[in-house]
Amino acid sequence: IIDFSIHRIENVTEFGAKPDLNTVQAIELDLSQRPLSPAEERLSHNLTQGIRAMEGAALFLQSLNSDQPQVILSSLELNALIAQAGNTDETENSDQKFQRPELNSDYVAPENAIETRLAGFWQELLGIDQIGVEDNFFDLGGHSLIAVRLIAKARKSWQVDFPISVLFEAPTIRKFAELVAARGGASDGDDDAESDARTIPAKPERRFTYLVPMHSGEGGPKTPFFLVAGMFGNVLNLRHLAHLVGTDRPFYGLQARGLYGDEEPHHSVTATARDYITEMRQVQPTGPYMIGGFSGGGITALEIACQLKAVGENVIALVMLDTPLPVRPALSRRDRIMINWLNLKKQGIGYGARQRLEWEQRKWSNTTDENSGDGIHFHDAAIEMAFLENTSAYQVVPWSGPLSLFRPPQSGKWEVAPGRLVDKHRHYLFPDNAWTQYAPDINVYEVPGDHDSMVLEPNVRVLARRIKGVLEAAEQQFVFSHRVPDTLKSQAAE
């Protein structure tokens with residue numbers, strides 16, 4: 001059992017405690033003053049069908065006895081829940097919308113046809129009534145799936161192409177409308193929209209192919225931090241990290257070529273790093289540089305650091321977020337046999353037949369879908385394939401500078417020998433992800449979550465705090481080593 005803790009509850013307010021009458025009356029009063037959405041009605045009913053206090057202990061013991069990696073216990077019938085969750089027509093077609101939440105911005109009404117149409121898109125996709133043109137997409141609950149549909153609607157309405165990362169630069173309806181107008185966007189036969197495209201002040205925007213400014217105004221006075229996205233090249237999942245590292249430090253995501261549109265992905269790690277550096281120098285012409293990468297993006301970050309160092313630049317921080325080696329050590333024959341023996345011991349004589357059936361299902365199934373229903377194309381499969389080909393051909397260059405590796409707790413599925421763990425993907429687990437052989441000056445930081453959730457709330461708060469500390473320490477060390485006279489350095493060392 002991992003990640004389990006138990007605490008004494010001094011003031012029991014749930015788990016079978018009698019509900020406070022005033023609280024119940026307040027909730028009933030609130031619900032009686034407004035109509036419920038279909039989703040709220042289903043939730044209200046399901047809560048009345050929940051697990052009762054006298055059932056909880058037995059179900060808890062049942063979950064502990066399960067050999068499944070993830071257990072969900074419910075008093076509701078599973079198939080009915082799945083059918084209910086998949087029935088979105090009622091919600092999609094409902095006119096019921098939630099009220100505008102409390103935001104830092106005041107409500108500002110649309111002033112032209114482009115803003116009005118965009119406001120309608122946002123209301124439809126976010127399910128919120130009366131969205132103002134200065135309201136932030138992310139503050140309203142926007143995420144990557146909604147962003148895909150929003151960009152698709154803009155493309156269909158105004159024949160303009162944007163990557164979803166444009167929402168970092170234009171997170172409000174007003175700023176987004178300015179970009180549409182700057183591209184000359186107008187609907188076919190829509191004279192009002194064409195007029196808007198002429199009248200909206202289209203301030204020149206610095207446009208990048210790879211670089212995504214993740215702070216409004218591109219951050220403060222500190223040394224910028226450049227973070228390469230993971231294997232699929234999308235930076236939206238790094239938004240929480242950028243925000244928590246702080247707006248006083250410019251934070252740039254680096255996204256993959258070919259993520260959107262018709263461009264081909266890069267065909268080598270070296271070429272990827274070279275093109276990334278070209279755009280990095282547009283915002284920071286000279287060092288010192290701070291570079292990082294999430295997951296497989298850390299391999300590209302390493303190549304960026306090596307290329308910059310080769311031309312005499314200072315790289316004072318290199319950060320990897322659970323980055324594996326480009327090519328991992330293969331399992332030995334002995335360990336493969338041990339895994340099969342452990343599976344057979346645990347799952348019984350039917351294990352081999354089940355493995356064969358699962359292999360056949362994977363062989364004939366095709367779950368990759370690059371096209372969304374709105375006609376927008378995100379070439380995840382092509383980017384993934386290019387990444388795997390590029391990294392398998394990449395020769396790691398030894399790195400003599402500092403390397404900070406942040407990774408989640410390691411939990412192997414199989415222990416093939418004392419202290420030798422193998423994960424569910426049949427990769428060996430190493431405390432340093434096996435990077436010490438290439439970067440001797442490595443520091444490993446364990447952070448909560450798993451490979452994906454370490455950059456998401458709430459785990460990202462710990463990650464951000466520790467990365468922030470690493471970057472600030474590197475910055476201070478660089479200033480000290482370059483500005484303090486040698487005599488004072490010697491005195492400080494003594």
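Start with the open sheet of seven strands: its order is E1-E3-E2-E4-E5-E6-E9, and the pairing is mixed. Strands here are DSSP runs of E with at least two residues, helices are runs of H or I with at least four, and both are numbered from the N terminus. Two strands count as paired if DSSP finds at least two bridges between them. Strand E1 (211–213) and strand E9 (442–446) are at the edges with a single partner strand each, so one side of each has no neighbour in the sheet. From one strand to the next, the twist averages 20°.

Before you click on: this is a predicted model, where local features need pLDDT of at least 70 and side-chain atom pairs count only at pLDDT 80 or more, while totals for chains, interfaces and linings use all residues. Residues are numbered from 1 along each chain as its sequence is written, and side-chain values use heavy atoms, with hydrogens and water left out.

Next, select E5 (residues 315–321) and E6 (residues 403–407): they run parallel, joined by three bridges. Pick Met-320 and you'll find its bridge partner in E6, Leu-405.

Now bring up helix H13 (residues 297–310). H13 lies across strand E2 (225–228), strand E3 (251–254), strand E4 (289–294) and E5, at about 155° to E4. (Angles run from 0 to 180 degrees between N-to-C directions, with axes fitted to C-alpha atoms, for helices over the stretch in contact.) Colour H13 by burial: 12 of its 14 residues are buried, so the rest of the structure largely encloses it. Buried means under 20% relative accessible area and exposed over 50%, with partly exposed in between (1.4 Å probe, protein chains only). Its cover includes E2, E3, H12, E4, E5 and H16.

Last stop: helix H16 (residues 380–393). Select its buried residues, Ile-383, Ala-386, Phe-387, Asn-390 and Thr-391. Looking down the axis, they fall within an arc of 120°, so they line one face of H16; the arc is taken from the directions from the helix axis to the C-beta atoms. What do the buried residues of H16 pack against? Helix H12 (269–283) and H13, with contact meaning heavy atoms within 4.5 Å.

Zoom out to finish: the protein has 18 helices and nine strands, and 39% of its 494 residues count as buried.

Key. The expected span of a helix is 1.5 Å times one less than its number of residues.
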